[in-house]
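Colleague: Hi! Could you walk me through this one while I have it open?
Modeller: Happy to, ask away.

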Amino acid sequence: MSEAIAVINAGSSSVKFSVFALRDGDLVLDVGGQIDGLSSTPRFVAKDASGRTVAERSWSEGANLDHDGAVEHLQGFLDQQLAGDRLVGVGHRVVHGGLEFSEPVRVDRRVLSTLQALIPLAPLHQPHNLSPIAALLERAPAVPQVACFDTAFHRTNPDLAQRFALPEELHEAGVRRYGFHGLSCEYVAKALPRFDAKAAQGKTVVLHLGNGSSLCAMDAGRSVASTLGFTALDGLPMGTRCGALDPGVILYLLGERKLDARAIERLVYHESGLLGVSGVSSDMRALLASADPHAKLAIDLFVYRIRRELGSLAAALGGLDALVFTAGIGENAAAIRERVCLDAAWLGIELDAAANRSRGPRISAPGSRASAWVIPTNEELMIGRHTLRLLSRTGDRP
Ligand code: ADP
């Protein structure tokens, strides 16, 4: 009988999962997949480590498969898949750990209610992250569950980097910059020494460019600043999120355009960013393939904002030894990487265009003063490792 760790990453319209087998003290992917299209046309697919589909199912449109239904289906699949194996624990991605959680935590009912109290800080993510935890606490209370936070990696940010220039009372109440994509950045921080030992000890900016995008400044592998702040809205324009916005715009929308809070939430989370500017798509592939001038404008704005935020983070670090591109756009869009690197020439980046086209991993020229890399992220593996480590340390590993 072998031991396994399951990882669940539940988002607003999909539940992704991975199952890792424990081998020689580390985790090896056994099977992974997702149920996506929740609330429209749900589809389940599971693939083994070689990418071969091992199970799939579709639901008809309007099947109304909600998150609970998705978790129930997944649990059935995992019970079958794990027959004869021992499930050591389940790790979950949870977007917000607030001030209290600066590292992964074993979830019981008390922890769950503390995390539920953070829902107003991440209304579009936190409820979905927590619903499978609540469902499993109900259905399989003996299985240890561990919450791993997107905010935790950034709790090392200095006090100044966490502050808004708002009255102290609000800061004390938790209105501060938290930063997100921490699991992805932490994975990169752990992987970087294998690629560039000097940068791993030095000043690095991680460019996590996906549907959600952010930059993280790391000094010797520790986060010192992030472009994301109190919520997952700040910083760069994203697929459908606006990124940094003068708060006066919100006042204008409230006062002059008479939008209420819900309408503004919809606008800034779902109708802005690459989608809002282009009017074409939130998907970078579609924008790169489009001849529409607004698609080009959306890409130009994305690249321009990266250029400015990169300067800001390099200033926070007081220099730059390396850039690391990761996530869907960062790993796959050579044209975006090329533009970002050319813009960063003043920071000592000299692009190797051929290496960039073939995805590196090193995409800076040999003599480049600062290096640039493509390092695929693996948030699920990071969650799996945290889960294993925590349960081993606390003796909760059954
Ligand atoms: P999420 O934040 O949902 O995890 P991903 O990290 O998967 O998102 O990133 C999704 C983004 O990556 C989309 O904008 C998609 O278009 C982009 N992307 C994926 N593959 C490519 C590619 N080959 N070229 C350009 N963009 C890509």
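Colleague: How do H2 and H3 run relative to each other, roughly parallel or roughly antiparallel?
Modeller: H2 and H3 are roughly antiparallel, a label for angles over 145 degrees. The axes of H2 (residues 109–116) and H3 (residues 126–139) come within 10 Å and cross at roughly 160°. Axes here are lines fitted to C-alpha atoms, for helices over the stretch in contact, with angles from 0 to 180 degrees between N-to-C directions. Helices are DSSP runs (H or I, at least four residues) and strands likewise (E, at least two), numbered from the N terminus.
Colleague: Which residues make that contact?
Modeller: From H2, they are Arg109, Leu112, Leu115 and Gln116, and from H3, Gln126, Leu130, Ile133, Ala134, Leu137 and Glu138. Contact means heavy atoms within 4.5 Å. By class, the H2 contact with H3 has six nonpolar, two polar and two charged residues.
Colleague: Before I go on, what sort of model is this?
Modeller: This is a predicted model, where local features need pLDDT of at least 70, side-chain atom pairs count only at pLDDT 80 or more, and totals for chains, interfaces and linings use all residues. Residues are numbered from 1 along each chain as its sequence is written, and side-chain values use heavy atoms, leaving out hydrogens and water.
Colleague: Okay, H8 and H9 next. At what angle do they cross?
Modeller: The axes of H8 and H9 come within 10 Å and cross at roughly 135°. That makes H8 oblique to H9. Oblique is what remains after under 35 degrees (roughly parallel), over 145 (roughly antiparallel) and 65 to 115 (roughly perpendicular). Ile250, Leu253 and Leu254 of H8 meet Ile264, Leu267 and Val268 of H9. By class, that contact has six nonpolar, no polar and no charged residues.
Colleague: What's in the loop between H8 and H9?
Modeller: Lys258 has its place there, between H8 (247–255) and H9 (261–270). Phi of Lys258 is near 60°, a positive value in a residue other than glycine. Most residues other than glycine have a negative phi, and most peptide bonds are trans.
Colleague: And where is the peptide bond that is cis?
Modeller: From Gly360 to Pro361, with omega near 15°. Pro361 is in the loop between H15 (353–357) and strand S13 (371–374).
Colleague: Switching to the ligand: how many residues surround it?
Modeller: There are 13, and the closest are Asn211, Asp283, Met284, Arg285 and Gly328; a residue counts if one of its heavy atoms lies within 4 Å.
Colleague: Which polar backbone atom is 3.0 Å from a ligand oxygen?
Modeller: One of Met284. A backbone N or O atom of Arg285 lies 3.1 Å from an oxygen atom of the ligand, and for a polar backbone atom of Ile329 the distance to a ligand oxygen is 3.3 Å.

Definitions and conventions
Nonpolar A, V, L, I, M, F, W, Y, C, P; charged D, E, K, R; others polar. Polar contact = N/O pair within 3.5 Å; in protein donor to acceptor, adjacent residues only side chain to side chain.
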